[in-house]
Amino acid sequence: MTGRFAVVLARHPAVTGVEGLCYGQQDVALADGWERMADGLRTVMQGAGCRVMFSSPARRCRMVAERVARFMNLDLRVDSRLREISFGEWEGHPWNGISRTALDEWAADVGGFAPPGGESGRELRARVRHFWTEMQQFGQSCAIITHGGPLRLMQGMMYGLPGSLLAPSPPMGSVRVVEQGDARFSTGLSEPHIPPQLPLHQEHLRSVRQAASARTGT
């Protein structure tokens with residue numbers, strides 16, 4: 001394990017055919033042009049020195065990961081812990097057709113509530129935390145492509161916090177480079193190296209886990 005490494009966090013590109021639907025872990029189609037995001041992600045990963053990529057099993061993540069892995073000849077690891085939260089019986093139904101009472105119960109207890117046959121926020125956090133801990137122990141520069149739910153939590157975990165289920169999701173197609181480990185890590189990649197037409201939102205962050213260890217999160 002090295003003392004410093006980069007983690008490239010990516011959310012899958014935009015999807016199509018599911019406007020207004022609750023789809024969670026359902027496989028849905030990527031919108032046209034997703035290849036541009038994949039190629040931009042590859043550029044970022046090359047700058048960060050990634051040789052391993054972790055992907056959700058969902059087709060909307062795996063198609064991107066497989067394209068990147070093929071071009072870079074790197075190790076692709078599909079991990080079920082990176083799936084979106086399961087909405088159980090809600091999946092495939094319009095949000096406006098789901099019981100208002102059930103939605104209010106969910107809003108009142110985002111950690112403990114689970115839709116019928118689905119997963120609670122607490123269960124999502126447990127599996128994402130398990131993955132994140134293993135990735136930290138792995139200690140090598142890598143990329144992760146996943147969904148809005150897991151990324152909400154990872155945005156806190158990168159600082160040593162639990163992560164918030166109510167945090168804003170990064171945009172679809174966004175890419176973020178974060179620094180982890182004991183020392184400052186430089187990717188050597190500056191903004192002009194990223195083609196401006198790509199839907200990438202790149203940030204370089206330092207790990208502040210030591211400073212954040214006394215803080216709490218939701």
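Colleague: How do the residues of the lining of the largest pocket divide into nonpolar, polar and charged?

Modeller: This is a predicted model. The largest pocket has 24 lining residues. They divide into 13 nonpolar, seven polar and four charged.

Colleague: Which element gives the most to the lining of the largest pocket?

Modeller: The residues nearest the pocket's centre are Glu84, Ile85, Phe87, Trp106 and Arg152. Two elements give two or more residues to this lining, helix H4 (121-138) and helix H5 (148-157). With three residues, the one that gives the most is H5.

Colleague: Is serine 120 buried or exposed?

Modeller: Serine 120 sits in the loop between helix H3 (100-108) and H4. Leaving out residues up to four places away in sequence, it touches Ile85, Gly111, Gly112, Phe113 and Ala114. Buried means under 20% relative accessible area. The relative accessibility of serine 120 is 6%, so serine 120 counts as buried.

Colleague: How many disulfides does the structure hold?

Modeller: A disulfide needs two cysteine sulfur atoms within 2.5 Å. For cysteine 50, the nearest cysteine sulfur belongs to cysteine 142 and is 6.4 Å away, and cysteine 50 is in no disulfide. For the structure, the number of disulfides is zero.

Colleague: Are cysteine 22 and cysteine 50 buried or exposed?

Modeller: The cut-off for buried is under 20% relative accessible area. Cysteine 22 has 0% relative accessibility and therefore counts as buried. Cysteine 50, at 1% relative accessibility, also counts as buried.

Conventions:
Residues numbered from 1 in each chain as written. Predicted model: local features only at pLDDT ≥ 70, side-chain atom pairs only at ≥ 80, totals over all residues. Heavy atoms only, no water. 1 Å grid on protein atoms, 1.4 Å probe; cavity = no way out; pocket = protein on both sides within 12 Å on 5 of 7 lines; lining within 4 Å. Helix = DSSP H or I, 4+ residues; strand = E, 2+ residues; numbered from the N terminus. Nonpolar A, V, L, I, M, F, W, Y, C, P; charged D, E, K, R; others polar. Buried < 20%, exposed > 50% of the residue type's maximum accessible area, 1.4 Å probe, protein only. Contact = heavy atoms within 4.5 Å.
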